[in-house]
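Dear colleague,

I am passing the structure below on to you, together with some notes on its charged side chains. Please have it open while you read.

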Amino acid sequence: ALTAGSQSTGGSAMAPDGRFVVVWRELCTYDIYGRRFGPFGNALGTEFRVNTYTTGQQANPRVALDPAGNFTVVWESFGQDAPVQIGVFGQRYDAGGARLGGEFQVNTYSTGNQLRPSIALGHDGGFVVAWDGQGPPSGQSTVWARRYANTGVPIGIEFAVTVAPPGGAAQGIEVATDEPGNFAVTWGHFFSGPSPFSQVYLRRFRANGAPRGAGFPVGIPTGAEPRP
């Protein structure tokens with residue numbers, strides 16, 4: 001096991017039978033590593049490096065498994081899709097830990113940083129990636145998402161889930177799917193100003209990517225709760 005240096009910013013995911021995968025960032029080389037485990041916590045092989053591009057820094061890995069144990073890792077990579085920019089990349093694996101194809105770029109828009117991806121795999125192995133990116137037309141912080149078939153082929157390009165209002169920024173993005181493939185994206189908006197506060201939002205989508213209404217706030221804004 002790799003123990004020299006520091007490891008941080010990891011993620012994990014579990015299959016219905018108890019198998020799970022852990023991913024993390026190695027701080028000496030700035031690479032993404034992963035390791036598979038059986039249902040009783042027994043290691044299935046040694047750790048492995050996920051990213052094949054090693055020139056820039058890789059960070060913020062996330063992983064998701066489908067019911068068969070196949071898994072996909074996503075992360076952010078500096079300088080890979082455009083100089084001095086951060087993009088979102090991924091790598092698919094089968095249930096035995098073998099790579100399925102090479103690493104792939106999730107975002108097609110590369111003007112501005114694309115950050116902090118989240119991923120969810122559906123029952124059939126198709127998946128959705130969501131992330132926080134600076135997008136057109138004004139470079140505002142935007143929540144993006146992109147759908148993929150279970151073969152790893154993208155279904156269209158990325159689409160905007162929401163655009164943060166002026167003076168705000170999107171953060172803390174999560175995506176989840178149900179068995180038929182419908183999915184929901186949650187995110188936080190941080191509103192700056194004289195009385196800054198954060199609000200969590202949610203937006204639902206059908207399996208074909210069609211939105212089921214607009215995003216709506218969830219709960220009481222942090223910083224706006226009544227004080228005793």
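With which residue does Arg116 form a salt bridge? The partner is Asp132, and the closest N and O atoms of the two are 2.7 Å apart; a salt bridge is taken here to be a side-chain nitrogen of Lys or Arg within 4 Å of a carboxyl oxygen of Asp or Glu. Arg116 lies in strand β9 (residues 114–121) and Asp132 in strand β10 (residues 127–135), so this pair ties together parts that are 16 residues apart in sequence. Arg116 is partly exposed, with a relative accessible area of 37%, whereas Asp132, at 5%, counts as buried (buried means under 20% relative accessible area, exposed over 50%, and partly exposed in between, with a 1.4 Å probe and protein chains only).

Before going further, please bear in mind that this is a predicted model, in which local features need pLDDT of at least 70 and side-chain atom pairs count only at pLDDT 80 or more, while totals for chains, interfaces and linings use all residues. Residues are numbered from 1 along each chain as its sequence is written, and side-chain values use heavy atoms, with hydrogens and water left out.

By the rule given above, the count comes to 3 salt bridges. Another of them joins Glu174 to Arg62, with the closest N and O atoms 2.9 Å apart. Because Glu174 lies in strand β13 (residues 168–177) and Arg62 in strand β5 (residues 58–65), the pair ties together parts that are 112 residues apart in sequence; strands are DSSP runs (E, at least two residues), numbered from the N terminus. Glu174 counts as partly exposed at 35% relative accessibility, and Arg62 counts as partly exposed at 26%.

Arg19 forms a salt bridge with Asp17, their closest N and O atoms being 2.7 Å apart. Arg19 lies in the loop between β1 (7–14) and β2 (20–26), and it is partly exposed at 23% relative accessibility, as is Asp17 at 41%. The side chain of Arg19 also has a polar atom that lies 3.2 Å from the backbone oxygen of Ala68. Leaving aside neighbours within four places in sequence, the residues in contact with Arg19 (heavy atoms within 4.5 Å) include Ala13, Phe37, Pro67, Ala68 and Ala95. Ala43 is 24 residues from Arg19 in sequence, and the two are 9.9 Å apart in space, C-alpha to C-alpha.

Methods. Helices (H or I, at least four residues) and strands (E, at least two) are DSSP runs, numbered from the N terminus. A polar contact is a pair of N or O atoms within 3.5 Å; within protein, one must be able to donate a hydrogen and the other to accept it, and residues adjacent in sequence count only if both atoms are side-chain atoms.
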